[in-house]
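Please open the model in your viewer and keep the sequence panel beside it. The tour below goes from one selection to the next and says what is there.

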Amino acid sequence: MKITILDDYQHVIKNLKCFELLKGQDVTVLDQSEKDISKLADLLQQTEILVLTRERTEITEELLSKLSNLKLISQTGKISNHLNLDICTQYNVAVAEGIGSPVAPTELTWALILNTVRKIPQAIQGMREGKWQINIGTNVSGKTVGIWGYGKIGQKLAQYAKAFDAKVLVWGSESSRAKAVEDGFISADSKEAFFRTSDIITVNLRLNKDTYGIVKEEDIRLMKENAVLVNTARAELIERGALLNVLQSGQQLLVGVDVYEQEPIYDTNYELLHFDNVVCTPHIGYVEESSYELYFGTAFENVLSYIKGAPLHIANPEVL
């Protein structure tokens, strides 16, 4: 069967150990992201199995309507807002769901916190410009780390904060807050108290219709002077334009960002890149070797199971 892997703009997938699983199969790896649906459909006309690189390409009804040969989409990681399962079912396309790990994104989130509070990227840039000790940062120790979303990533972050002698304050669903208290951490009394009290806030929610734009501009404006806001989850969790409005207003806020509404970003004039108090990374939360082996290894195993006539992890089995 004709297999196509999308969006390998890092040129790394063929070098993964798990790529050996597809040895002997008819595989094409597309290195460039194609945003034009008609052009993408032309590239995929003969494709029967599509392997997605996380959420880099949105699978729309318009695209599916042009892919008459497509039988299976193998997802790296979990299905998210880039793919509508009902529409896939409507076009008789099976979707195999993969697995993920909270380790790499949690470590990246903590790295962004450390880089943001200690202002490490700015200090490195100063040395490159022949300058010495151009700024002064602060510790995490003794601060209150606010964690919005106490799932797998949030729980790991809480343990990291504890190891750094920081206080942990959790906001989220009632069950999340109850779990945090059970684990020995503090539940915020309200969203307002969460934003007013925290020295560092990290947002760790899944994006869905209920969480889209859940962080409002007025929430961010409640934050302390020189407080830290880190988002490694989804850009759309923050109300459109809210973060930029706050930064442009001159509010003393430190920001770490790994996710953006439109990706990839090649424009050096992208607005967030020009604030000295913002640290930007190019959505590398899950971009780590062992994570790739896990994500793609599972996706490839799902492909082979389908080819052998014994499909696994199909999210819409009614199409089989």
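In which loop is the place of His-283? Select His-283 and you will find it in the loop between strand E12 (278-280) and helix H11 (289-307), where helices (H or I, at least four residues) and strands (E, at least two) are DSSP runs numbered from the N terminus.

Before going further, note that this is a predicted model, in which local features need pLDDT of at least 70 and side-chain atom pairs count only at pLDDT 80 or more, while totals for chains, interfaces and linings use all residues. Residues are numbered from 1 along each chain as its sequence is written, and side-chain values use heavy atoms, with hydrogens and water left out.

**Backbone stops**

Stay on His-283 and read its backbone torsions: phi is positive, about 45 degrees, although the residue is not a glycine. His-283 is also buried, with a relative accessible area of 18%; buried means under 20% relative accessible area, exposed over 50%, and partly exposed in between, with a 1.4 Å probe and protein chains only.

Next select Arg-54, in the loop between strand E3 (49-52) and helix H2 (61-64). Its phi is near 50 degrees, again a positive value in a residue other than glycine, and Arg-54 is buried at a relative accessible area of 13%.

**The largest nonpolar core**

Now select Phe-194, Ile-220, Met-223, Leu-229 and Leu-243, the residues with the most contacts inside the largest nonpolar core, which has 30 residues. Such a core is a set of buried Ala, Val, Leu, Ile, Met, Phe, Trp, Tyr and Cys residues joined through side-chain atoms within 4.5 Å. Colour the elements that give two or more residues to this core, namely strand E7 (167-171), helix H8 (191-197), strand E9 (200-203), strand E10 (227-231), helix H10 (242-248) and strand E11 (253-257); H10 gives the most, with five residues.

Centre on Ile-220 and, leaving aside neighbours within four places in sequence, show its contacts (heavy atoms within 4.5 Å), which include Phe-195, Val-215, Leu-229, Ile-238 and Leu-253.

Follow that list to Leu-229 in strand E10, which counts as buried at 1% relative accessibility. Not counting residues up to four places away in sequence, Leu-229 touches Ile-201, Val-203, Met-223 and Leu-254, among others.

**Zooming out**

Finally, show the whole protein chain, which has 11 helices and 12 strands. Its radius of gyration, taken over C-alpha atoms, is 21 Å, close to the 20 Å that the globule rule (2.2 Å times the number of residues to the power 0.38) gives for 320 residues, so the chain is as compact as a globular protein of that length. The C-alpha atoms fill a box of roughly 55 × 50 × 35 Å along the principal axes, and buried residues make up 47% of the 320 residues.
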